[in-house]
Amino acid sequence: MHFHRDRGFVHRASSEITPRRLAETRRDWLRDLALAAAGSSLGAFAARDALASTAPASRALPGLRSSVDGALTMEKLTPREDASGYNNFYEFGTDKADPAQRAQGLKTQPWRVSLEGEVKAPRTLDLDALIKLAPMEERVYRLRCVEGWSMVVPWLGWSLSHLIKAAEPTGNAKFVQFVTLADAAQMPGLRSRVLDWPYVEALRMDEAMHPLAMLVFGMYGELLPPQNGAPLRLAVPWKYGFKSAKSIVAIRFLAQQPRTSWEKAAPSEYGFYSNVNPNVDHPRWSQASERRIGEDGLFAKRRRTLMFNGYEAQVGALYAGLDLKKFY
Ligand SMILES: Nc1nc2c(c(=O)[nH]1)N[C@H]1C(S)=C(S)[C@@H](COP(=O)(O)O)O[C@H]1N2
Ligand SMILES: [Mo]
């Protein structure tokens, strides 16, 4: 990707980006982000000052190292056009092409996130204050959808743990719930009863505090496109993609385990944990392998799905002693 004064960001074809070139490419992104922040190519984006102030910290990271172990998957990136053209965002429709077509008018400004429930003092943060809570960094995660496909995406954001600490949860907080936008005026998918709106997700407190659990504001060196969950979403790389809630408006700290939208819709198919697990099949299909989006030619081979989506070394200890067939 290159930065041009007149045209803003110009991506080099993502198919050219091989793992060998990730380090170089990453430096380009971070430089471009800093340039964009300074030169206002992000347009009306209210948080560009935050990006400007955090980009230098990110740039100081040498090469491919990140602050978090396991945060840089060394696989070829999914082409940006695929990652932003093949989406699950049921608020905009259930077809994979619906979100890119229908979400472009999503109003992400102003945007507030309410911190509520078991916290010292409930409050609401504006996006531009929220985005400054921690230094922006880039991480390359695999995203594995429960439907059997996966992508490799360079996300921009920081560990969710920073926000949780800032929220000052009480000792009663054992779970964190994520409530997402449900605005029928903007989201035609809400007319369908396919899910119980708003789309809600949740994590156990120790999962949410794990450094790999990421609050995401951008991807491919730019702000999140609406169809990928602008202006902020989760990326929880060791869990099926539906745990990574998009367009979050409230974060609620709870004493009891809440039910999630997919659990309510089909409890025998979608559990609370939903850790990627090739040994526990979905009742209607195998989870042993996956198709990589952007590689779906006639002869493209399916890939073997990895335990915890390849993040077992980092997160396996969270589930020591848990029966993963029972707690799917
Ligand atoms: N609010 C909301 N968040 C959501 C969804 C959704 O329908 N609504 N779909 C989930 C599913 S099933 C997946 S696989 C990922 C897809 O993220 P992506 O489109 O950025 O790849 O978003 C998740 N987050
Ligand atoms: Mo998914």
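On a 1 Å grid over the protein atoms alone, a cavity is a set of points where a 1.4 Å probe fits but cannot get out; a pocket is an open set with protein on both sides within 12 Å along at least five of seven lines; and lining residues have an atom within 4 Å of a point. The model is predicted: local features need pLDDT of at least 70, side-chain atom pairs count only at pLDDT 80 or more, and totals for chains, interfaces and linings use all residues. Residues are numbered from 1 along each chain as its sequence is written.

**Whole chain.** Begin with the protein chain in cartoon form, which shows nine helices and 14 strands; helices (H or I, at least four residues) and strands (E, at least two) are DSSP runs, numbered from the N terminus. Of its 328 residues, 56% are buried, that is, under 20% relative accessible area with a 1.4 Å probe, protein chains only.

**The largest cavity.** Select Tyr 141, Arg 142, Leu 143, Trp 155, Arg 233, Leu 234, Ala 235, Val 236, Pro 237, Lys 239 and Ser 244, which line the largest cavity. The space inside is about 50 Å³, a volume being the space filled by probe spheres set on the points, with grid points joined across faces, edges and corners. Strands β5 (137-144) and β11 (233-235) each contribute at least two residues to this lining.

**Strand β9.** Next, select residues 214-219. Six of the six residues of this strand, β9, are buried, so it is largely enclosed by the rest of the structure. Two strands pair if DSSP finds at least two bridges between them. Strands β6 and β9 run antiparallel and are joined by five bridges; Trp 155, one of the cavity-lining residues, has Met 219 in β9 as its bridge partner. Three bridges, also antiparallel, pair β9 with β11, where Leu 234 is the bridge partner of Leu 215.

**The largest pocket.** Finally, select Asn 88, Phe 89, Tyr 199, Gly 241 and Phe 242, which lie nearest the centre of the largest pocket among its 26 lining residues. The pocket holds about 410 Å³ of space. Strand β6 (residues 149-159) gives the most to its lining, with three residues.

Conventions: Chains are lettered from A and ligands numbered from 1 in the order in which they are written. Side-chain values use heavy atoms; hydrogens and water are left out. Buried means under 20% relative accessible area, exposed over 50%, partly exposed in between (1.4 Å probe, protein chains only).
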